[in-house]
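Hi,

Here is the structure I promised to pass on. Have a look, and my notes on what turned up follow below.

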Amino acid sequence: VTLFAVPNFNYAFDKWTGTLPQGATDTSPTLALPGSFITGNMNFTANFVRKYTFTLERYLTNNGGTPPAGCTATATPSMGYFLPNSDIALVAVAATGYEFKGWKHSADGFKDFVNTGATYTYKIPAVDTLVIRAVFTHTLVRIRLQTIVDNDGFNTPEAGTITGATDNTTMAADTEVTLTAAANPDYKFRF
């Protein structure tokens, strides 16, 4: 007699339990039972484990949503159904003006980074509808504002004011800022 363990979709054969014949492998989905081994009623159980899948997404921290196409995230293998603790190789590359911050996942509601390396081997947890998130952010830039008189190269605050940003502050790269220059009395705005 030969028993065959055939998993349904989204499951994988794990092992046989019961009294197995000598030399039989409990992890083979095919179990051969020699006639001389069968001595009455015997119980054999085919044990299966569930497989899981994941979705990989890119996320921008500054304003939510998706970062530009130059910020990439890849997974190898990229699709399929995986046993819990299967290894998935993750790689993130940030575009110019952006920085990769780390990997988060829906298993904890995206609360904490599971790793901050751009290259990471992720272990698939036993979680339905798993999402793995590559988190990017804009690179911060420093703003310097100066009023200069007649190209002398020296900051001359008494010449006027600049509004729309604060001097010596940082903000995300690619942030649009409207600056307005206003000359004080005895000064004239040139450019």
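Predicted model: local features only at pLDDT ≥ 70, side-chain atom pairs only at ≥ 80, totals over all residues.

F13, W16 and F48 make up one aromatic cluster. The rule behind this takes rings of Phe, Tyr and Trp (its six-membered ring) as a pair if their centres lie within 6.5 Å; planes under 30 degrees apart count as stacked, over 60 as edge-to-face and the rest as tilted. By that rule there are 7 aromatic pairs.

Residues are numbered from 1 along each chain as its sequence is written, and side-chain values use heavy atoms, with hydrogens and water left out.

Back to the pairs. F54 and F82 form a tilted one, 5.7 Å centre to centre with 35° between the planes. F54 is in strand β5 and F82 in the loop between β6 and β7, so this pair ties together parts that are 28 residues apart in sequence. (Strands are DSSP runs of E, at least two residues, numbered from the N terminus.) F54 is buried at 9% relative accessibility, and F82 is buried with a relative accessible area of 9%. Buried here means under 20% relative accessible area, exposed over 50%, and partly exposed in between (1.4 Å probe, protein chains only).

Y120 and Y122 pair edge-to-face, at 6.2 Å centre to centre and 70° between the planes.

K104 lies over the face of F113, 4.7 Å from the ring centre, and the charged end of R133 is over the ring of F110, 3.7 Å from its centre.

Now the inside. A nonpolar core is a set of buried Ala, Val, Leu, Ile, Met, Phe, Trp, Tyr and Cys residues joined through side-chain atoms within 4.5 Å. The largest one has 21 residues, and F54, I88, L90, W103, Y122 and I124 have the most contacts inside it. Strands β5, β6, β7, β8, β9 and β10 each supply at least two of its residues, and β10 gives the most, with 4 residues. Another core, of 6 residues, lies apart from it and includes A5, L31, L33 and F37.

Cheers

Terms used. Lys NZ or Arg CZ within 6 Å of the ring centre and 35° of its normal.
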